[in-house]
Amino acid sequence: MTSPARQRILDTATRLFYAEGVRAVGIDRIIAEAGVAKATFYHHFPAKDDLVTAYVEDQSQRQRALAGELPDGSGRERVLAMFERMGEFGSLPGYRGCPFINAAAEYPDRSHPVRKAVAAYREWFRDLMLGLLKEARHPTPDTTADILMIVRDGVAVGFDLDDPAVVHASIRETAERVLGPSGE
């Protein structure tokens, strides 16, 4: 069970890291805004990188929970539902990019624990797509899962760089084109 102080630190860091960037937010600010003592912070997170890793892992758990709430349906329908949810999230006023892409941009060393946490999320997402594609009896599930990963990244970045309404409006058609004709 997570202690209330640890959760407050993580919640505060999540809000600040997402809004302002990981490197832009210092430990002292997180400690102050979370209302914890320095000793409490360092008890739970010996270094800032430990907190950032926990942040990425927490974001991954949240994504997994959302995927668990996908509506019943065929694998194809569930892939489309996943991308539609991305569209809903990306259209929100507070959207500031993908937390995984943002964290990876601030930690270029692929062997760093933060990047490993990002890689674990990406592997999970690709595996989720692969499983849904196999369930849908897609003719090229491996290649299509790779393409959907690229589309996912493009959608995440597109919402931050382009007109969110245009990106949102094109998500379903993009995913349908990648999936190809429905075999139903």
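User: What gives the most to the lining of the largest cavity?

Analyst: This is a predicted model, where local features need pLDDT of at least 70, side-chain atom pairs count only at pLDDT 80 or more, and totals for chains, interfaces and linings use all residues. Residues are numbered from 1 along each chain as its sequence is written, and side-chain values use heavy atoms, with hydrogens and water left out. A cavity is a set of points, on a 1 Å grid over the protein atoms alone, where a 1.4 Å probe fits but cannot get out, and a lining residue has an atom within 4 Å of a point. With four residues, the most to the lining of the largest cavity is given by α6.

User: How much space lies in the largest cavity?

Analyst: One cavity of 30 Å³ or more is present in the structure. Its lining consists of Phe17, Gly21, Val22, Tyr55, Pro99, Asn102, Ala103 and Glu106. A volume is the space filled by probe spheres set on the grid points, which are joined across faces, edges and corners. The space in the largest cavity is about 40 Å³.

User: How many helices and strands does the protein chain have?

Analyst: Helices (H or I, at least four residues) and strands (E, at least two) are DSSP runs, numbered from the N terminus. Along the sequence the pattern reads α-α-α-α-α-α-α-α-α. The C-alpha atoms of the chain fill a box of roughly 60 × 35 × 30 Å along the principal axes. The count for the protein chain is nine helices and zero strands.

User: What percentage of the residues of the protein chain count as buried?

Analyst: Buried means under 20% relative accessible area, exposed over 50%, and partly exposed in between, with a 1.4 Å probe and protein chains only. Of the 184 residues in the protein chain, the buried part is 43%.

User: Which residues touch the most other members of the largest nonpolar core?

Analyst: A nonpolar core is a set of buried Ala, Val, Leu, Ile, Met, Phe, Trp, Tyr and Cys residues joined through side-chain atoms within 4.5 Å. In soluble globular proteins, nonpolar side chains tend to be buried together. Among the 57 residues of the largest nonpolar core, the most other members are touched by Phe83 and Met129.

User: Where does the largest share of this core come from?

Analyst: Two or more residues each come from α1 (4-20), α2 (27-34), α4 (48-68), α5 (75-90), α6 (99-106), α7 (113-135), α8 (141-161) and α9 (164-179). The largest share of the core is eleven residues, and it comes from α7.

User: Which residues does Phe83 touch?

Analyst: Contact means heavy atoms within 4.5 Å. Not counting residues up to four places away in sequence, Phe83 touches Phe125, Met129, Leu148, Val151, Arg152, Ile171 and Ala175.

User: Which residues are closest to the centre of the largest pocket?

Analyst: A pocket is an open set of grid points with protein on both sides within 12 Å along at least five of seven lines. The largest pocket holds about 560 Å³ of space. Of its 28 lining residues, the closest to the centre are Gln63, Leu66, Met86, Phe89 and Pro99.

User: Which backbone oxygen does the side chain of Thr14 reach?

Analyst: Thr14 lies in helix α1 and touches Tyr55, Asp58 and Gln59, not counting residues up to four places away in sequence. A polar contact is a pair of N or O atoms within 3.5 Å; within protein, one must be able to donate a hydrogen and the other to accept it, and residues adjacent in sequence count only if both atoms are side-chain atoms. At 2.8 Å, the side chain of Thr14 reaches the backbone oxygen of Leu10.

User: Is Gln59 buried or exposed?

Analyst: Gln59 lies in helix α4. Leaving aside neighbours within four places in sequence, Gln59 is in contact with Thr14, Pro99 and Phe100. Because its relative accessibility is 11%, Gln59 counts as buried.

User: What is the relative accessible area of Thr144?

Analyst: Thr144 is in helix α8. Not counting residues up to four places away in sequence, Thr144 touches Leu133, His138, Val178 and Leu179. Thr144 is buried, and its relative accessible area is 3%.
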